[in-house]
Amino acid sequence: MQITHPSAYYNGQPPENVFLVTDDAGSQISSGYVVYQYLPHLYPDRPVNVYFTSEGQREGQYMLFGALIARARQLRDANPNEQARVYTCLRPDDREAIDFYTQSGLNCSEREVFVQLALPEGEVHVPMACSTEETPLFLPNQQMAFLDRLQRNDVTHIDATFLMQLMRTQHFHAVGLFTQGQLAGEILVAGSGYQAEILALYISLPFRRSGLATALARRALWNLTQEGVRYAAARFVTRSVPQKALMKTLGTGDEQTTAVFPQLFM
């Protein structure tokens, strides 16, 4: 087997960040790549994050691991004064991969959890001097501007295709929170029937640590109850201090692990 780079972009990544494993007959059996991320708002203790992924035959993925970690170190060294981590994402039932990464020195304690949220029993109001408005998403430029605001606030899992799918659901709402005329944050919820999920929530840097995320989430949950929603949930990453605090405030304690994140600190 040997490892090579593709001759062009692969899955949106530059060739130098992509690794292909071929067998002795020249057939590709595995592939992987790394993605550099700078996430100071989500992970202030380790703002440099390098995500890696690999797929294909297991023996090829094992061979890839060393190359991916070496490339991650090169990307990390471009910003040597910042703390960093290298990580990937696994299904919680993929015991073979979890055991491999654990034996390779990665910490596998970080999780994504799906948490049931407590619905307000009475009407919820946002703080004084604040107001909420539906975010206009009728036009393509409005949708792209919304996605850009999410990206700039470390919400990276929603793209244009996913947004269009969500907009067709029964309980879709994108709501902005304003304070003194300035957009302080936004929330995105969607669902059907009696169920809905908070899919995105951010508060801009100047307005953080003031309880606005909790206020906006509770207001959104109250609005959902007025549409007949009786079950609401959200996904949280256990390593994120802000997300853990919000989960503790809004959650009922009923949670399910949906992903495991093996990680290596640098």
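Me: How many helices and strands are there in the protein chain?

Reply: Helices (H or I, at least four residues) and strands (E, at least two) are DSSP runs, numbered from the N terminus. By that rule, the protein chain has six helices and 13 strands. Its C-alpha trace spans about 65 × 35 × 35 Å along the principal axes. This is a predicted model, in which local features need pLDDT of at least 70 and side-chain atom pairs count only at pLDDT 80 or more, while totals for chains, interfaces and linings use all residues. Residues are numbered from 1 along each chain as its sequence is written, and side-chain values use heavy atoms, with hydrogens and water left out.

Me: Which strands pair with β9?

Reply: Strand β8 (residues 173-179) pairs with β9 in the antiparallel sense over seven bridges, with glycine 176 opposite glutamate 186. On to β10 (residues 195-203), β9 is joined by eight bridges, again antiparallel, and alanine 190 faces glutamate 197. Burial is read from relative accessible area: buried means under 20%, exposed over 50%, partly exposed in between (1.4 Å probe, protein chains only). Strand β9 (residues 182-192) is mostly covered, with eight of its eleven residues buried. In the protein chain, buried residues make up 48% of the 266 residues.

Me: Where do positive phi values occur in the hairpins and loops?

Reply: Most residues other than glycine have a negative phi. In the hairpin of β8 and β9, with two residues between the strands, glutamine 180 has a positive phi near 50°. The hairpin of β9 and β10 also has two residues between its strands, and glycine 193 in that turn has a positive phi of about 65°. Asparagine 11, in the loop between β1 and β2, has a positive phi of about 55° and is exposed at 51% relative accessibility. Arginine 209, in the loop between β10 and α5, has a phi near 65° and is exposed, with a relative accessible area of 86%.

Me: Is helix α5 mostly covered or mostly uncovered?

Reply: Helix α5 is mostly covered, for eleven of its 14 residues are buried, including Leu212, Trp222 and Arg219. The helix (residues 212-225) reaches 20 Å from its first C-alpha to its last, close to the 20 Å expected; the expected span is 1.5 Å times one less than the number of residues.

Me: Which residues meet in salt bridges?

Reply: A salt bridge is a side-chain nitrogen of Lys or Arg within 4 Å of a carboxyl oxygen of Asp or Glu. The structure holds ten salt bridges. In one of them, arginine 85 and glutamate 110 meet at 2.7 Å, N to O. That pair links distant parts of the chain, 25 residues apart: arginine 85 is in strand β5 and glutamate 110 in the loop between α2 and β6. Arginine 85 is buried at 2% relative accessibility, and glutamate 110 is buried at 3%. Another salt bridge joins arginine 219 and glutamate 123 at 3.5 Å, N to O. Arginine 219 lies in helix α5 and glutamate 123 in the loop between β6 and β7, so the pair ties together parts that are 96 residues apart in sequence. Glu112, Glu197 and Arg235 are linked in a network of salt bridges.

Conventions
Two strands pair if DSSP finds at least two bridges between them.
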